[in-house]
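Please read the briefing below alongside the sequence and the coordinates. Its points are grouped by topic.

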Amino acid sequence: MTFTDLLTTWSENPGLSMFIWAMLIITAMYLGRSSAHHLISSLARSLRGVLRMTATSLTELESRMSKRNKQVILQEGRHETERAIERDFQRVNKIVERDLGAFPSIQRKVTDTINSIEQDYQNSNETPPSPPQWLEAVETISKIQRNGDSTVDQILANIQDSIEKAHDETIKAYRKSSLDKLNVLKKMLPSWRSLSSTLSEMDKSVTDLSERSEFIDKQMQVYEKIRAEDDMVARALTSSSMTQFFIATLILAIAIMGGVINFQLIALPMSEMVGGTSAIAGWRTADIAAMVIIMVEVAMGVFLLEALQITHLFEIIQTMDDKMRKRMVVVTLLILTILATVEASLAYMRDLLALDREALSQSLAGVATGNVEFRWIPSIGQMVMGFILPFALAFVAIPLESFIHSSRTVVGLVSSSIVRALIYVSRLAGQFIWQAGKVLTHAYDMIIFLPLSVEQLVKNARRDGYKESDIYVEQPEEMGGVKS
Amino acid sequence: MKFGKQLILAILGLGLVACGDQAPKTRAVYMLIDTSGTYTQELDKAQRITNYLLGTLNAGDTLALARIDSGSFSEKDMIGKVTFDIRPSTATAQKYQFKRKLDEFVAKARPSGHTDISGGVLQASEFLQETQAEEKIILVFSDLEEDLVKGHVRKFTIPLVGIKVVALNVTKLRTDNIDPRDYLERLDNWEKRVYEGGGAWKVVNDLDRLERLLNS
């Protein structure tokens, strides 16, 4: 039955038929008004209830997720702070071992120096030689007035000479004594300098130690706040984690681009080794081989940085004894160097193949091949790139570690945000359905406004015949539901 | 956490693999060169096409070159055939060698008395089926006017299942200018024969667009 058939069911005139249909529908709707209102109201209430329940469940989930995220962030922060404190304690230990460990010997050195200085001081205290005892008597005689007697004069002159001689000797002896004292003092100079230098070293060590201890104090304060699950610290750690995530992503993207360049360098010459036609799961074997070499280089880089204790991705490497770790460093570095050399040679081979292919193309096109100047520059460039890139890729372990650690925080935050958005959408949808139910009820009444108006008129007419108290006024139906 | 690390490493690995190309299909191309009558004057064009093929085909692909003469269903008419080595350097050496053979053939080519295109196509079909390449193509460099030696039987369906036949440089004959229907009929007949044999048919007359030769 088509729509036209339906339209002409009651009359050939479509307008009249449509009118009859409309009357029938309106009558049916008027008769089923109460049930329809209940249906709309129940439906809206149930849907709203379901959505509110969903929102409540999601709120609980979000709360649990936030709590868990905070725990993870604090745990990460605690771990980091512990590592920082441990590292600083190690530094302090090193300072103590290096500088203060030698304190007894320094003390002995200082004591020896002081003793030596004291000894020198004692030596420098020696009094200068005094003039001879008879010198005063001779001086008195020499001052006696000369009375012109030649013998007496001669004697007095001799006495004066003797006095002067004695004086000169005394002066000489005094000077010698002073020089000896000066020499003793000169000997004291290196001791003073040594003492000063030793004390300066001690001062520097103590200052270092003081600075380290201040840093440790700060770290300990943070650590205590983390242990107390302080919200501010959690927020700071989250922010730091997000920053780490974006930086690590950027560096990883750069590393991947480097990997792609590396791949392009070695994929073509690889087909010389494994063939250019064979395939594994739809991928060229040469491409897979090139990719495997790059991945092995990255893996070696990760192991190298792990063994050097720069990154902490593998617990088994961290717990290895130092001797074994040193061996691992040597082995991974050796493998990395061999792979870099292989890559450099492959890059050179790529250049040769490209040259060969270019010559063939020119020959096929009938163009004369000429010697290109400075052709060696790109050849060397490719070889250097082939050698350097594996080592550069080895450092990818550092951003990779940051990325892995920070991604847990970021994933947690993103999940929380999604759940929060879902809560909002659920509540909004619930409210919308509730309001839509109301609108639908009014729309229903609007369609059947004619019989409703007639009903109202009849009721009014009846009411005019009754007392006020006998009149029953129908209350507008309220929709139930949970109060928002 | 460990699973996360493995997942990230796997993603990085896949990212690098994705940089590579999917393994290309192996191709086998058999080119038939008409040497009858005045068509020998067109040989330089055939040489150009072969050079293009040498430059385009990769390691693992097969190329064969044969002349169409009075009786083409014979290995003797084969000028050269090669399956390029899986190593690019060896493949390049093979291409040089093949080019030399082609140059020699072009220099020494003499016009044949008759034109046995069907025999050549049948020979090509047999050869290509043996290569087991994923893509098989017969290039017919001819005006498609068949002129058989009396007694030669060629009116049968040529098996061409899975083979694409490309007619190249189908020149118009003097009579075609008088009645172009002859030319169209010639093309229609060959198209019908190819489809009957289970192959695909294509005509490329514009030799400036050689990339269309191998593209489906």
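This is a predicted model: local features need pLDDT of at least 70, side-chain atom pairs count only at pLDDT 80 or more; totals for chains, interfaces and linings use all residues.

Residues are numbered from 1 along each chain as its sequence is written, chains are lettered from A and ligands numbered from 1 in the order in which they are written, and side-chain values use heavy atoms, with hydrogens and water left out.

- Chain A holds 13 helices and two strands, where helices (H or I, at least four residues) and strands (E, at least two) are DSSP runs numbered from the N terminus.
- Chain B has six helices and six strands, and its elements follow the order α-β-α-β-β-α-α-β-β-α-α-β from the N terminus on.
- Of the 484 residues of chain A, 30% count as buried, and in chain B buried residues make up 49% of 216; buried means under 20% relative accessible area, exposed over 50%, and partly exposed in between, with a 1.4 Å probe and protein chains only.
- The accessible surface is about 31,800 Å² for chain A, with 63% belonging to carbon and sulfur atoms, and about 11,000 Å² for chain B, with 51% belonging to those atoms; these areas come from the Shrake-Rupley method with a 1.4 Å probe, and for residues only the protein chains shown count as cover.
- Among contacts with a separation of 6 or more, residues 24 or more positions apart account for 79% in chain A and for 78% in chain B, a contact being heavy atoms within 4.5 Å.

**Surface patches in chain A**

- A nonpolar patch with about 690 Å² of accessible area together is formed by A:F374, A:W376, A:I377, A:I380, A:V384, A:F387 and A:I388; patches are made of residues with over 30% relative accessible area and no salt bridge, nonpolar side chains (Val, Leu, Ile, Met, Phe, Trp, Tyr) being joined within 5 Å and like charges within 9 Å.
- A:D161, A:E164, A:D168 and A:E169 make up a negative patch, and A:D168 belongs to helix α6, residues 150-227.

**Buried residues in helices of chain A**

- A:E306 is part of helix α8, residues 285-307, and counts as buried because its relative accessibility is 0%.
- Leaving aside residues up to four places away in sequence, A:E306 touches A:T311, A:H312, A:L313, A:F314, A:I317 and A:Q318.

- A:Q309 has a phi near 65 degrees, a positive value in a residue other than glycine; A:Q309 sits in the loop between α8 and α9 (315-318) of chain A and is partly exposed at 36% relative accessible area.
- B:N169 is likewise not a glycine and has a positive phi of about 50 degrees; B:N169 is placed in the loop between β5 (163-168) and α5 (174-178) of chain B, and B:N169 counts as buried at 6% relative accessibility.

Methods:
A salt bridge is a side-chain nitrogen of Lys or Arg within 4 Å of a carboxyl oxygen of Asp or Glu. Lys and Arg count as positive and Asp and Glu as negative; His and the chain ends are not counted. The place of a charge is taken as NZ of Lys, CZ of Arg, CG of Asp or CD of Glu.
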